[in-house]
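Please open the model in your viewer and keep the selection tool at hand. The tour below goes from one selection to the next and says what is to be found at each stop.

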Amino acid sequence: MAVIEVADLSKRYGKLHVLNGVSFSVEQGEIFGILGPNGAGKTTTVECVEGLRRPDGGSIRVLGLDPVRGGRELSHQVGVQLQQSLLPENLKVWEALDLYASFYDSPKDWRELLEEWGLADKRNVRFGTLSGGQKQRLFIALALVGDPKVAFLDELTTGLDPAARRATWELIKQVRAAGVTVVLVSHYMDEVEELCDRVAVFDRGRIVALDTPSNLVSAVDADQHLRFRPLAPLDDAVLTGVPGVVSVTRSGDQVVVAGRGDFAGAVTSALARERIPVAELRIERHTLEDAFVALTGRTFDSEES
Amino acid sequence: MTGFSKLAQVEAKLLLRDPGAIFSMAIPLFILVIFSGGTSPGDTALPSMSMTIAVGLVGLYMVPTTLATYRERGILRRLSTTPVSPGALLGVQLILQLVFAMLAAGLLVAVSIVAFQAAQPARVAAMSAAFLLGTSAIFAIGLLIAATAASGRAANGIGVLLYFPLAFLGGLMQPKEAMPELLATIGEFTPLGLFRQAIHDAWSGAATQPLLLAIMAAYALVVGSVAARFFRWE
């Protein structure tokens, strides 16, 4: 069952088309990634789905409701963590959770959330004195305190150190395990690869691809590279004739073989046949980042922010 | 009404934790204590001035700073994704600030009578009416600042910058008799000048001037609707 259905969404600011024909659906119980560089339209899309912005065209259904007209009813079933949202400096952690819990008909026990999100020893600390990671965990806890069916998490791990990011990822997996559908907005490739069941790749206001992270990566139609250091003299001609090999180049004492398909296996067999031992053999596999470059023709970080 | 009473509770705590609240209570009290040496028993002019200072500080400093900060920090926006509307927070804030201004005024009345032999307010009903209308007028200006300021810091700056000329014109820096005639006349029609005069009239027992009340109501209505028109939630 689709929890969120978005069809042909468009949004303009003046003459600038920030969203152009965006369509996707999110299934019950999955972590759905919205990936793209800054300015690609990710946050605008999610804010339309949350009912914070009115689209200029297209239709949106969340749990069967229109986010703008059904906003009040929907707000009981949806939890949101906004990208740029803070709390009053002097609000204590427990007061924030207690307050937000009071907004909902059937909230979770916020004391349990305090434990789960590692904030129990911070319950009497004021928001202004929390660390970046603690603030972020509090926001996620606030997004979940209404016991939502769908949670929107926008740039979840921004400002967290690597250990805190990994810990947050584990908690998000638990959220999914509890049956909550999660929409995750991110510009971190590793985060999306780690967490998302499916991902919509945004670029310049459009979805350029929508698939599982591993399918996106394996669909990359570009050369892969095999590197090694030959321990005996090697004639390049031995390798250029191997099926799938596109080019053979040298970089210092390293040989770099570019190729497609199952060329790597063929290359290693050829080397074995010629009795050329090698060291430091390495295959550079594609990442989601390569997938993005292949889809858009641009590197991920070159987009305006 | 989900969450409404909890919201009021939490916002009341936050208000009391705000150093601005202590400041808004302490400054008029300080003025009252310092200058009461020069007043004669039965005086009502100085207490009226100190009450005007209190309401001016709450309305021009606390109201805009709090609301603009809430908007700047995305708190109003965050609330609009919950079952509680950001309008509820706005309402709770205005009510709490009004209650706070009333507490400050009550404290000033009590201190000036008990400690400095000021006269008892002669007409309590007229004073209450003047207080409510004047506070609405001054809060409306605070709301306009909150509506138009880009950030909490900007709202704070505008509020303070606006407070001083208005306090001067309203006869809070020096008695209006000591001011140039033109400025004193202009000052009579400024929100703080109207408030001070209307409170003073009621406290001392002078005849109520309906014109003052009407102008304050007009300020509240006109400035308040302009503020509502331009208020942005994000």
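Begin with strand 5 (residues 78–81) of chain A and strand 6 (residues 150–154) of chain A, which pair in the parallel sense over 4 bridges; strands are DSSP runs of E of at least two residues, helices are runs of H or I of at least four, both numbered from the N terminus, and two strands count as paired if DSSP finds at least two bridges between them. Select Val78(A), and opposite this residue, in strand 6 of chain A, stands Val150(A). Both faces of strand 5 of chain A are covered, with Val78(A) and Val80(A) buried on one side and Gly79(A) and Gln81(A) buried on the other. Here a residue is buried if 20 or more other C-beta atoms lie within 10 Å of its own, exposed if 12 or fewer do, and partly exposed in between, with C-beta atoms placed from the backbone.

Before going on, note that this is a predicted model, in which local features need pLDDT of at least 70 and side-chain atom pairs count only at pLDDT 80 or more, while totals for chains, interfaces and linings use all residues. Residues are numbered from 1 along each chain as its sequence is written, and chains are lettered from A and ligands numbered from 1 in the order in which they are written.

Now show the whole of chain A, which holds 11 helices and 13 strands and whose C-alpha trace spans about 75 × 45 × 35 Å along its principal axes. Of its 305 residues, 40% count as buried. Colour domain 1 (2–218) and domain 2 (224–284) of chain A separately, bounds that come from an automatic or database domain assignment; their C-alpha centres lie 45 Å apart.

Next select Leu97(A), which, leaving aside its neighbours within four places in sequence, is in contact with Trp110(A), Leu113(A), Leu114(A), Ala141(A), Leu142(A) and Val145(A), where contact requires C-beta atoms, placed from the backbone, to lie within 7 Å. Leu97(A) is also among the members that touch the most others in the largest nonpolar core, a set of 135 residues, as are Ala54(B) and Met216(B). Such a core consists of buried Ala, Val, Leu, Ile, Met, Phe, Trp, Tyr and Cys residues joined through C-beta atoms within 7 Å. Helix 3 (residues 45–72) of chain B gives the most to this core, with 15 residues. A second, separate core of 10 residues includes Leu239(A), Val245(A), Val255(A) and Leu271(A).

Where do the two chains meet? In this model 20 residues of chain A are in contact with 17 residues of chain B. On the side of chain A that touches chain B, helix 2 (71–75) and helix 3 (93–102) of chain A each supply at least two residues, and the largest share, 4 residues, comes from helix 3 of chain A.

Ala105(B) is buried, with 23 other C-beta atoms within 10 Å, and, not counting residues up to four places away in sequence, touches Met51(B), Ala54(B), Val55(B) and Phe131(B).

Finish with helix 6 (residues 124–148) of chain B, whose 25 residues reach 36 Å from first C-alpha to last. Because 18 of these 25 residues are buried, helix 6 of chain B is largely enclosed by the rest of the structure.

Technical notes: Two residues are in contact if their C-beta atoms, placed from the backbone, lie within 7 Å. The expected span of a helix is 1.5 Å times one less than its number of residues.
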